[in-house]
Amino acid sequence: MNEALEKNMKYRSSDEAMIEIIDVHKWFGDFHVLRGINLTVHKQERIVICGPSGSGKSTLIRCINRLEEHHRGRIIVDGTELTNNIKNIEKIRAEVGMVFQHFNLFPHLTILDNLTLGPIWVRKIPKAKAEEAAMYYLEKVHIAEQAHKYPGQLSGGQQQRVAIARSLCMNPKVMLFDEPTSALDPEMIKEVLDVMIELAQEGMTMIVVTHEMGFARSVAHRVLFMDFGQIVEGNTPQEFFDNPKHERTKLFLSQILH
Amino acid sequence: MEQATFETNIEDVKPPATSVGVIGWVKQNLFNGWLNSILTIFTFVVLWKIVPPFFRWAFIDSVWNTTGQACRHAAGACWSIVSANYRFIIFGFYPYDQQWRPFLAMMILFGLLFYSRNRKHWKKSLGYAWILGLFTMGLLMKGGLFGLVPVETTKWGGLPLTLLLSVFGLTAAYPLGVVLALGRRSKLPAIKVLCILYIELIRGVPLISLLFMSSIIFPLFLPEGITINKILRAQVAIILFTAAYIAEVVRGGLQAMSRGQYEAAESLGLNYYLTMRLVILPQALKIVIPPTVSILISAFKDTSLVVIIALWDLLKTTQSVLSNPEWMGFSREAYIFIAIFYFLGCFSMSNYSRKLEKELSAGEESR
């Protein structure tokens with residue numbers, strides 16, 4: 001890690017809350033997937049969530065932009081509470097970027113059209129301006145030369161970088177990453193993580209569900225460990241990795257770090 | 001030669017099992033070839049039995065421009081039935097001296113259809129051209145303005161009627177079918193149940209009975225003195241019928257879309273309408289082009305069923321020519337002529353759909 005980044009990473013996030021999650025519960029049928037989650041994410045804070053599969057970490061971040069509905073508790077994103085009000089939901093979704101495990105690019109549109117869809121139709125930005133911005137972000141994820149190709153013609157790593165650029169085009173206040181590198185071939189993971197690190201350097205508020213512990217250690221302000229629908233433990237990366245408090249955390253880390 | 005020997009030697013060195021396999025493979029292929037040759041010979045014999053006699057009947061021994069009486073002495077086909085009656089077959093009871101009007105209307109329609117083939121032409125101006133074209137076609141058919149003699153819709157018939165029923169039937173049924181498919185997948189129970197009821201009821205009934213209902217039962221429910229045009233009623237029946245089938249095909253396409261596509265669109269802040277219009281439908285409708293075109297083709301052919309409610313479409317005008325004593329018995333020729341019309345219509349539809357499918361998937365590869 002270079003020095004500038006290190007300096008940046010030490011920079012404490014602001015005290016202003018960006019996302020407040022208060023006693024959130026969720027069930028899938030009878031399965032109690034989230035059991036009383038409390039979490040406040042500050043502006044410019046970077047949080048990594050890890051935990052075994054089925055622990056509810058993906059469900060938690062999907063609740064933040066209402067891809068899943070929570071059944072009890074409150075979620076407040078940048079001062080707006082998520083309720084059944086569809087206008088509020090659409091407003092929050094426009095402010096919250098989401099990157100999926102399987103990229104979910106639109107295969108019938110070119111890369112450029114993938115990027116400009118949201119700005120043109122949701123933000124009502126003129127096409128020329130949206131394309132200019134899209135090219136800027138493609139440049140940023142080092143993939144500008146692919147702008148006129150279709151997603152199917154790109155490698156997984158490239159597709160995921162396009163997906164990140166697509167979210168950035170909406171000028172989001174928060175970026176959510178749902179296991180962004182899990183579906184990638186090993187040699188492509190780094191190119192995606194590098195883009196995410198660059199994003200972190202610029203002060204983006206990020207919540208990342210991942211098992212990339214190197215990334216967590218170098219980028220996160222806080223690392224949370226989830227198990228059985230609860231946040232078991234949350235701490236600075238240093239403390240979390242070197243001095244885990246909880247038995248389950250220790251077990252998980254021993255399994256994942258070999 | 002030496003080369004061949006060398007290769008044979010190498011073959012010999014290979015393990016016995018493989019050699020046996022190769023021999024077996026050759027044998028099997030030889031046997032297969034045998035069967036294939038028998039089939040080929042058989043096919044040629046059948047073709048030899050059928051094609052030259054047909055050719056002789058249709059082109060060499062045929063008569064083209066005679067009276068019905070002269071036809072009876074000809075050994076081959078009597079194409080005179082078409083050349084002598086084509087005006088009636090094509091235009092039905094439309095006043096003879098006014099038949100240039102439906103002709104012109106059809107030419108406008110063909111022109112517009114042909115121009116619309118190219119996706120690059122799909123602009124707003126084309127939409128206006130269609131509106132203008134439809135208006136002109138309607139005016140030409142019905143008259144009553146600009147010195148055109150009014151022509152009752154009961155006199156409309158033949159090819160213009162067939163085209164009217166099918167072109168409008170198909171273009172109106174398609175969007176209706178898409179809406180029904182979306183409705184059937186709606187989260188709102190009332191809309192969902194209504195759409196399911198509609199689709200299942202219509203699909204559970206033959207088109208003929210719908211046509212009967214539209215022409216006989218439906219008017220009974222109308223208040224005294226109000227009548228709705230018969231052609232319009234048949235048109236509506238065809239639209240309702242076709243839409244139900246299209247809805248089910250489109251629903252299949254919608255179900256093929258992954259949850260991720262919806263989620264990606266939603267997480268950009270797109271609302272339901274935009275998600276469907278920009279992300280889901282373009283993909284889903286493309287997937288279902290082949291079955292959709294099958295439905296459109298069969299709907300096009302089904303328009304001929306309107307004969308049972310006494311509309312004089314292309315098939316009915318042809319039949320009535322055949323009931324003329326002078327031309328009785330030449331049904332083969334007349335029906336071949338009609339079949340060519342239907343074939344051209346269906347073939348261009350399936351051809352166009354293939355072209356469209358190819359264009360839409362250009363550059364796009366499966367994920």
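I began with helix H3 (residues 86–95) of chain A, which lies across S6 and S7 of chain A and runs at about 65 degrees to S6(A). For my own bookkeeping: helices (H or I, at least four residues) and strands (E, at least two) are DSSP runs, numbered from the N terminus. Contact means heavy atoms within 4.5 Å, while axes are lines fitted to C-alpha atoms (for helices over the stretch in contact), with angles from 0 to 180 degrees between N-to-C directions.

A note on the source: this is a predicted model, where local features need pLDDT of at least 70 and side-chain atom pairs pLDDT 80 or more, while totals for chains, interfaces and linings use all residues. Residues are numbered from 1 along each chain as its sequence is written, chains are lettered from A and ligands numbered from 1 in the order in which they are written, and side-chain values use heavy atoms, without hydrogens and water.

Next I looked up the sheet under that helix. Six strands of chain A form an open, mixed sheet in the order S6-S7-S8-S3-S9-S10; two strands pair if DSSP finds at least two bridges between them. Its edges are S6 (96–99) and S10 (230–235) of chain A, each pairing on one side only. From one strand to the next, the twist averages 20 degrees.

Inside the sheet I checked S3 (residues 46–50) and S8 (residues 205–209) of chain A, which pair in the parallel sense over four bridges. There, A:Arg46 stands opposite A:Met206. I also found helix H2 (residues 57–64) of chain A lying across S3, S6, S7, S8 and S9, at about 150 degrees to S7(A).

Elsewhere in chain A, S1 (residues 17–28) and S4 (residues 72–77) pair in the antiparallel sense over five bridges, with A:Arg74 as the bridge partner of A:Ile22. S4(A) also pairs with S5 (residues 80–81) of chain A, antiparallel over two bridges. In that hairpin, with two residues between the strands, A:Asp78 takes a positive phi near 50 degrees.

Last, I turned to the interface. I counted 23 residues of chain B in contact with 23 residues of chain A. The buried area is about 2,200 Å², 61% of it from carbon and sulfur atoms; this is the accessible area (1.4 Å probe) that two parts lose on being put together, summed over both. The rule finds two salt bridges across it, taking a side-chain nitrogen of Lys or Arg within 4 Å of a carboxyl oxygen of Asp or Glu. I noted a salt bridge between the side chains of B:Glu266 and A:Arg93 (4.0 Å, N to O).
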